[in-house]
Amino acid sequence: MTDVTASPIAGSSPEDRPMITISHLSKSFGETQVLKDINLTVHKSEVVCLIGPSGSGKSTLLRCLNFLESYEAGEVRMEGRLVGYTEGFPRRKMKNRELRALRREVGMVFQHFNLWPHMTAMENVREALVQVKGLPLEEATAKAEAMLTRVGLADRMHAHPSRLSGGQQQRVAIARVVAMEPHVILFDEPTSALDPELVGEVLQVMKDLAADGMTMVVVTHEMGFAANVADRVAFLDGGHIVEDGPPRQVFHESSEPRVRQFLQTYHERNSF
Amino acid sequence: MDYDLFLRYGPSLLRGFGMTILCWAAGTALGMLIGFLLALARRLPIPGLSWVLRAYIEVVRGTPFLVQLFLLYSGGPFIGIRLDATTAGIVGLGIYGSAYFAEIFRGGFAAVPKGYVEAAESLALPPGAILRRVVVPTMLISILPALVNMMIILTKETVVLSILTVPELMYEAQTMAAETFAAFETIFVMALFYWLLVEVVSRLGRRAERKLTSHLTQKAGAVS
């Protein structure tokens, strides 16, 4: 069921070149192998949701995509560029400068927001615009304010994270990433740390991004979001991609017992 | 109490106090700088480096300040380090403090939540900017009380410099006591001066702490 793209540069024109190509990716923490021969391709403007039980390797897979986690075997390519390692064999880790060039194109939104607590919402968004993009302070400030307005936080931009609700903090974190104009945004359980009534506002911002054509890879437990917004859903279990396809297929037509069982517990929990 | 003594010895005591402040401030600044660099270097993935630096820290923490000062001042010339008394005092204070400051900074680095750094890394911030803009401001909050504490300890360690004949407060006070036999008055005034310095340092420390943590406690207008 998995989409295998073994050729390093599939296609030559930028349009049909995949955004992310993961081939034969494996990763271990010590003795435990957490990712086993993962193959997945994400095209431009696609929204791919990674679902599955805890410990199935979803977050680790996501973190390999911007090399917050290293991997031992296989490869991840971001717009054709190998992530984390230099081309050739034996492979060596990329220089920090090259890794940073790659990460400029890949944003990441974390479960616990990870806003810097000593900066206001606006300063959090402005920081990378100044330090990475090299924008003059005034221009960066204007852009940060515009981004926060876009996620509905025009009136809270001078508040520190400790004075913001979880939903507001996560919207600041998304604004901080979107301001950098990445080509891909990775979401690592963006709503899992939120009170239920705050989940909606964050999902709405994500839906708007998807509608704008942003390429997104989302690790989530929000099955509603996966069903309605994702172009594709990949189900992970035990470090394998067990099923990968359109949401309708994975949610309703899967023949995989593990997928059915996982979704069954979801249905039971959500229908009191 | 013989107040006339203070009129006569006041100027030299004040000069000594000024020297104490100079040695303390310079020694503390040097110690913090070395300590910060030590803690930073221990995080580099260079085999053996962390072990060497730890050995330095343990040796400095494991020997008396007095002994270190003598080694530097009297032993220094044998390996080509010839320092005048005041410079030796400041450098000695810096080395002594650096071991303790290094441990404080090490704890501070470890206390910075990993997620703050990951967020910065994923936004492609350069390592220098991550250190300056994210790690140091975050760790300062948790280590400030320990830093101020060490600074206070060092104010009182300056008395040891008097044995190198650095003309600081202790040295001037000893001169006064030797010349006048007014031991009690001398020690009393000396204690007052040190207490004054410590009080100023700890007040400044508390003010800095309030400033650094204001964003955690501020009363915001609207919290939703």
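I began with strand 1 (residues 20-29) of chain A, which runs antiparallel to strand 2 of chain A and is joined to it by seven bridges. The model is a predicted one, in which local features need pLDDT of at least 70, side-chain atom pairs count only at pLDDT 80 or more, and totals for chains, interfaces and linings use all residues. Residues are numbered from 1 along each chain as its sequence is written, chains are lettered from A and ligands numbered from 1 in the order in which they are written, and side-chain values use heavy atoms, with hydrogens and water left out.

Two strands pair if DSSP finds at least two bridges between them. Contact here means heavy atoms within 4.5 Å; axes are lines fitted to C-alpha atoms, for helices over the stretch in contact, with angles from 0 to 180 degrees between N-to-C directions.

I noted the whole sheet as open, with four strands in the order 2-1-4-5 and antiparallel pairing. Strand 2 and strand 5 of chain A are its edges, each pairing on one side only.

I also looked up A:Asp37, which is in strand 2 (residues 32-42) of chain A. Its phi is near 50 degrees, a positive value in a residue other than glycine. A:Asp37 is partly exposed, at a relative accessible area of 43% (buried is under 20%, exposed over 50%, partly exposed in between; 1.4 Å probe, protein chains only).

**Six-stranded sheet, chain A**

The other sheet I looked up in chain A is open and mixed, with six strands in the order 6-7-8-3-9-10. Strand 6 (106-109) and strand 10 (240-245) of chain A are at the edges with a single partner strand each, so one side of each has no neighbour in the sheet. On average, neighbouring strands of this sheet are turned by 15 degrees against each other, direction ignored.

Strand 9 (residues 232-237) and strand 10 of chain A pair antiparallel over five bridges. A:Val233 is opposite A:Gly245 of strand 10 of chain A.

Helix 1 (residues 58-65) of chain A lies across strand 3 (47-51), strand 6, strand 7 (184-188), strand 8 (215-219) and strand 9 of chain A. I read its angle to strand 7 of chain A as about 150 degrees.

**Loops of chain A**

I found a cis peptide bond between A:Phe89 and A:Pro90, with omega about -5 degrees. A:Pro90 is in the loop between strand 5 (81-82) and helix 2 (96-103) of chain A.

A:Asn114 is in the loop between strand 6 and helix 3 (121-131) of chain A. Its phi is near 55 degrees, positive in a residue other than glycine, and A:Asn114 counts as buried at 10% relative accessibility.

**Rings**

A search of the whole structure gave me 10 aromatic pairs over all chains (rings of Phe, Tyr and Trp, the last by its six-membered ring, with centres within 6.5 Å; planes under 30 degrees apart are stacked, over 60 edge-to-face, the rest tilted). B:Phe36 and B:Phe109 make a tilted pair, 5.9 Å centre to centre and 35 degrees between the planes. B:Phe36 is in helix 1 (residues 3-41) and B:Phe109 in helix 4 (residues 85-111) of chain B, so the pair ties together parts 73 residues apart in sequence. Both B:Phe36 and B:Phe109 are buried.

The charged end of A:Arg91 sits over the ring of A:Tyr85, 4.4 Å from its centre (NZ of Lys or CZ of Arg within 6 Å of the ring centre and within 35 degrees of the ring normal). A:Arg176 lies over the face of A:Trp116, 4.3 Å from the ring centre.

**Chain A against chain B**

The contact takes 29 residues from chain A and 26 residues from chain B. I noted about 2,500 Å² buried between the chains, 57% of it on carbon and sulfur atoms (the accessible area, 1.4 Å probe, that two parts lose on being put together, summed over both). B:Ser122, B:Leu123 and B:His215 supply 24% of the area that chain B buries against chain A, more than any other three residues.

Key: Helix = DSSP H or I, 4+ residues; strand = E, 2+ residues; numbered from the N terminus.
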